[in-house]
Amino acid sequence: MSFEELEQEPFNAHEFVERLAWKVIGKKSKNSYENFDPWSLHSAFEDVIKNLEEKNKQIERNIEKLEQSCKDEEKKHWQRVADLQRKNQSSYSHFQSLDERINLVATKVVHLGDQLEGVNTPRARAVEAQRLMNYLDEFMSDEPPKSAVFTDPFQLQLAADIIQKLYQIALELPANDKFDRARKKIWDKYNYVESELITEFKNAHSDGDKRKMKKVAAVLSNFKGYGQCIETFITESQLGAYLRPDPFDDVLPLCTRSSEVIAEVFSNPDTVMAKLVQNIFHGKLQSHISSRLDHLEDPEEYLVQLYKLYTRTVKLSEELSHFKMGSDSLFLTKLTKQIFAKHLEAYIGSETKYLKERCSAHLQRYYEDSNHIKKQIQSGGLVDFKRDLQAKIGTLTKANVNIGPAVENYGGETFLSQEVTISLLQEAKNAFKRCHVLSSSSDMPSNAVQVLDVLIQYLVVEHIDYAVELGLQAIPLPDPRTPPQVYFFDVVGQANTLFHLFEKQFMDSLVPLVISSPRHSECLQKKRDLRDQLESKIDSGLDRTLTAITGYVKFLLAAEQKKTDFKPDDDSAMLAMVSPACSKVVKFIYGIHKNIRDSLDGKNIDVVLSELGVRLHRVLFEHLQQFQYNSLGAMLVICDVNEYRKCMKEFKIPVVSDLFEKLHALCNLLVVVPENLKEVCSGETLTGLDKSVLQAFIQLRTDYKTSKIAMMLK
């Protein structure tokens with residue numbers, strides 16, 4: 001057995017034992033259990049175990065030797081570390097000593113330098129003073145200065161330094177003729193040098209020599225003409241910079257190029273950059289804006305161009321905001337307001353005037369296309385009283401007495417146009433958009449309210465409200481004798497639709513402009529008032545319309561229903577199934593129902609149909625109580641009421657259907673045999689009805705007295 005197997009990685013003891021057993025036993029024991037010799041296997045295991053024990057002892061001896069070797073090496077290592085620490089301590093002591101000597105020498109050198117400076121500074125000042133006195137002496141003589149520094153153009157910057165100092169000295173010279181002449185000569189030379197420096201700066205800019213520009217700008221910073229140097233730079237920078245028709249496209253590249261030069265040349269780049277931008281705004285941009293706006297006579301074109309130019313300027317300001325231009329964060333905003341000042345001051349006046357003209361033109365064109373001349377509409381209690389009085393007199397006298405306003409339905413024209421409304425709303429939307437951009441934050445709410453007032457006047461008052469008033473005048477009188485032409489439902493449906501469009505724009509366009517101001521609540525209240533006024537007129541008109549409808553139903557029933565309809569003498573009357581009056585009423589109601597469904601929407605349909613159904617029930621209930629019914633007549637009236645009931649089911653209003661179910665049940669009391677009346681009266685359908693109502697209906701039977709029904713009901 002090889003011990004090299006023990007050193008293999010990974011070592012598996014189980015596999016080791018298996019391989020050992022396989023080598024000892026061999027293939028024979030695999031084929032037959034009889035060939036298996038356990039003692040040979042036992043002997044092999046004992047030999048391997050002895051070998052392993054010897055191997056283990058050998059390895060332990062090697063480990064002990066290695067451990068001893070490590071201990072010896074560790075001891076030597078710590079000895080070396082101790083030697084190094086001693087050497088390091090010695091080096092540190094020498095370094096400290098050297099550091100102290102260096103500090104001592106440095107102190108003596110600094111002291112010596114101070115002494116030398118103390119001696120040299122007065123000497124340098126004296127030399128400088130003497131030099132300046134020599135130059136001053138030249139200016140005080142009658143001849144011009146002859147020093148090379150003033151005559152040599154290549155020494156211009158040195159001359160600038162000297163003349164600037166002489167200028168400061170000249171300001172303190174006493175006032176007399178001698179010094180005045182010298183002061184004037186110095187002043188003239190000062191101006192000449194300054195002019196030459198600016199010229200040199202200009203030439204350096206043309207050559208693109210930033211280094212020379214920086215030198216000249218540094219010298220000029222001590223002169224009064226430093227501002228002129230900056231102006232020269234600004235002027236030169238803009239030469240040939242505007243290549244496109246729209247200067248807005250060239251401003252950002254110009255500022256980007258100039259910003260790099262300014263940062264390298266000037267010691268105060270923020271100030272210079274601010275002056276450059278200010279010059280661009282008050283110069284090129286303002287002249288461009290004036291050329292585009294000042295001669296425009298078309299108000300629409302003026303407002304459109306003003307909005308475009310202002311928006312473009314604001315966008316440009318945002319693009320320029322990343323340049324450093326001082327600490328004023330509102331600098332660009334102020335510049336924008338300044339160049340548009342005269343236009344912004346008069347903006348809202350121009351906006352509202354134009355909006356009025358456009359809205360008026362839209363309405364005028366619509367009414368002209370409709371061949372309608374707007375009229376002054378009278379409304380109120382007196383007009384309504386005259387109308388009702390005329391209807392009452394006409395009913396009593398059956399004559400046409402005209403004391404109220406004439407009923408004119410304009411052939412069903414509602415005078416409400418969705419196209420006109422959309423046009424007015426679009427005009428107002430554009431106005432709100434311009435108002436948002438062109439108004440200051442303080443003026444925006446009040447300006448937005450002015451635009452809203454114009455929209456209300458022309459859309460709500462002069463279009464929607466006017467059409468509703470016309471619709472009110474077109475409503476038939478309460479007791480018509482011909483089928484009433486009912487167009488008011490169309491007016492209501494269209495008026496509601498148009499007012500919803502107005503409310504949507506109110507929320508989308510106006511509210512964002514006023515929501516953070518007190519004007520928000522004022523505008524909401526104004527809208528609520530408009531809605532309440534419109535709903536009040538619509539409610540009044542619907543009431544009068546339903547009154548006219550039920551009035552005509554009354555007329556039909558009174559004119560068509562005969563007293564004998566429900567007291568026929570033979571069965572031939574049953575052939576028609578329903579009476580002529582019922583047929584006409586049902587046909588009329590179906591038409592009205594379709595009109596309501598087609599014209600109104602949402603809950604308005606349910607409300608109107610509910611009110612109409614209740615009123616028709618009242619009319620029919622009162623109408624049926626005017627007749628006496630024999631057995632055949634009772635069958636006929638049940639057929640009529642059943643027809644009314646089917647008609648009312650089309651309304652799909654549960655309350656109305658329930659009323660007509662009860663009416664049908666009441667009519668059944670007319671055919672029930674007297675003995676069963678008491679039981680039928682206590683039935684589920686008639687539960688809840690007053691006994692007097694039941695009694696009144698039962699009394700309409702022709703056999704009420706003869707059959708002694710009253711006694712049966714007690």
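Predicted model: local features only at pLDDT ≥ 70, side-chain atom pairs only at ≥ 80, totals over all residues.
The unreviewed UniProt entry places a feature named "coiled-coil region" at residues 42-76.

Next, look at how some of the helices pack. Two packed helices are described by the angle between their axes and the distance between the axes. Take helix α14, residues 347-369, together with helix α17, residues 444-473: their axes come within 9 Å and cross at roughly 15 degrees. Since angles under 35 degrees count as roughly parallel, α14 is therefore roughly parallel to α17. The crossing in which α14 passes α17 is right-handed.

Helix α11 (residues 299-320) packs against helix α16 (residues 418-438) at an angle of about 40 degrees, and their axes lie 10 Å apart. These two helices are therefore oblique to each other. Their crossing is left-handed, whereas that of α14 and α17 is right-handed.

How many cavities of 30 Å³ or more does a search of the whole structure find? The search finds two. The largest cavity has a volume of about 80 Å³, and 14 residues line it. Nearest its centre are E413, L470, G471, A474 and V491. Both α17 and α18 supply at least two residues of this lining, and α17 gives the most, with three. Sorted by class, the lining of the largest cavity holds eight nonpolar, four polar and two charged residues.

The second largest cavity has a volume of about 60 Å³. Its lining is made up of V553, V585, V586, I589, L616, L620, Y644, C647 and M648. Here the elements that give two or more residues are α20 (580-599), α21 and α22 (631-649). What classes of residue make up this lining? There are nine nonpolar residues, with no polar and no charged ones. The lining of the largest cavity, by contrast, includes four polar and two charged residues.

Three helices each supply at least two residues of the lining: α18 (488-514), α19 (519-560) and α21 (603-624). Which helix gives the most to this lining? That is α19, with seven residues. By class, the pocket lining divides into six nonpolar, three polar and seven charged residues.

Helix α18 supplies at least two residues to the lining of the second largest pocket and at least two to that of the largest cavity. Helix α21 likewise contributes to the lining of the pocket and gives two or more residues to the lining of the second largest cavity.

Terms used. Residues numbered from 1 in each chain as written. Heavy atoms only, no water. UniProt positions renumbered as here; feature names shortened; annotations may be inferred. Helix = DSSP H or I, 4+ residues; strand = E, 2+ residues; numbered from the N terminus. Nonpolar A, V, L, I, M, F, W, Y, C, P; charged D, E, K, R; others polar. Axes fitted to C-alpha atoms, helices over the stretch in contact; angles between N-to-C directions. Parallel < 35°, antiparallel > 145°, perpendicular 65-115°, else oblique. Left-handed = near helix turned anticlockwise from the far one by under 90°. 1 Å grid on protein atoms, 1.4 Å probe; cavity = no way out; pocket = protein on both sides within 12 Å on 5 of 7 lines; lining within 4 Å. Points joined across faces, edges and corners; volume = space filled by probe spheres on them.
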